[in-house]
Amino acid sequence: MLVGARQVVTCRGPARARRGREMAEIEVLRDAAVLIDGDRIAWVGPRADVGAQHAGPLREVEVNGVLFPGFIDCHTHGVFGAPRLDDHERRALGVDYRAIAAAGGGILQSVRDVRARPEAELEALTRARLAALLAGGSTTIEVKSGYGLELEAELKQLRVIKTLGEELCATLVPTFLGAHEVPPEYRSKRADYVQLLCEEMIPAVSREGLARSCDVFCEPGVFSVQESRQILTAARRHGLTVKLHADELEGSGGAELAAELGALSADHLAAISDPGIRALAASDTVAVLLPATMIFLGKRSQAPGRRLIDAGAAVALATDFNPGTSPTMSLPLVMTLGVSQLGLRHAEVVTGVTINAAAALGLAADRGQIAAGYVADLVLAAVDDWREVAYWMGTDVVSAVWTAGSACPA
Ligand code: NIG
Ligand code: FE
């Protein structure tokens, strides 16, 4: 039993994403206790009522700060080799992301690295980075492949995710992103790569049970809406749920496609159109916004977070942790950016990294809330007021983390 928290932010309510105005309605309890039974939360409520809930001895853990449901980072590209410092420097000199990619940097640089790097090395690099995400409070982390772009190198990334998922305190949710870019050897025959994805890579990934979802970088110059539809339809046929990098830099109808396919999420959306906003608002697809990416790329624009919520959409926030566009391992920093860059209220930001992020991964039934029956993933922040977690910009206030009912090593 956890007691003594100054506040407990429960996010309790229905087991589904919050949309529109609901995003700002979160429950905050004072003088509350959280009862844990095994890996689940058994009860949360006023400390004075514990006796009526539970007869017999209880192990009390006194905590100091504010308790939240474990944060959920629903979009990362966490398995990669070296940082891309040359890209970063070229951008400082005014060269933009797509020009850097066209000149051989960008995603393909990380692809060369991952293809050549032994699995054990990739695993060691990834272990340290995911541990940093966990230390920032992310108890569930989605991790994409996408720096292999050939079957064996994609499987290598997915195996690293599986191995670390069994070892680390956090839950890792693997996504196949073989459609992150067209690999160099298929540049003059891109239709063949789409066919390879649909007929060989997706079936193999699904057969090996190494991914739950399939994602596509749907963007002019990368994969078209038509190609993305083809790939994601194949993924669904093989039992994978689907997600999309949609309308990130230039709008092309990715959000509409996500809604059409019943995708779990449409991610990025900095260039979403008005019809795209309406399509998401009318669908169950979660809009996953990644404000750190636009900041790191030096862009002045951001996804229209406020307009999406006002239109009635469900919005989640994530780091997009990756070596090219978002090398941050702090979800709390992204929460700060949610307020300052997207115009979200503190409560909306908390909903965006808990319940709605769970929904973006298809996990809303038992993650993202401090409520009876939910997985006992919790975060303690060393603050007095819950809003401070999004306030102390770039300063991690997370002081303890529990997953499946057990304290994670610091
Ligand atoms: O989400 N947009 C595509 N993928 C990443 C960037 C990956 C990279 O540059 O390595 C993103 O921003
Ligand atoms: Fe991404």
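Predicted model: local features only at pLDDT ≥ 70, side-chain atom pairs only at ≥ 80, totals over all residues.
1. Start with Tyr-97: an N or O atom in its side chain is 2.5 Å from an oxygen atom of ligand 1. Side-chain values use heavy atoms, with hydrogens and water left out, and residues are numbered from 1 along each chain as its sequence is written.

2. Arg-84 has a polar side-chain atom 2.8 Å from one, and for His-245 the distance from a side-chain N or O atom is 3.1 Å. The protein covers 100% of the 320 Å² of accessible area that ligand 1 has on its own (Shrake-Rupley method, 1.4 Å probe).

3. Now look at the neighbours, meaning residues with a heavy atom within 4 Å. There are 15 around ligand 1, and among those that come nearest are Tyr-147, His-180 and Glu-248. By class, the shell has four nonpolar, eight polar and three charged residues; Gly counts as polar here, and Tyr as nonpolar.

4. On to the rings. There are four aromatic pairs, which means Phe, Tyr or Trp rings (six-membered ring for Trp) with centres within 6.5 Å; planes under 30 degrees apart are stacked, over 60 edge-to-face, and the rest tilted. Phe-68 and Phe-71 make a tilted pair, 5.6 Å centre to centre with 55 degrees between the planes. Tyr-186 and Tyr-193 are tilted too, because their centres are 5.4 Å apart and their planes at 45 degrees.

Conventions. Chains lettered and ligands numbered in written order. Polar contact = N/O pair within 3.5 Å; in protein donor to acceptor, adjacent residues only side chain to side chain.
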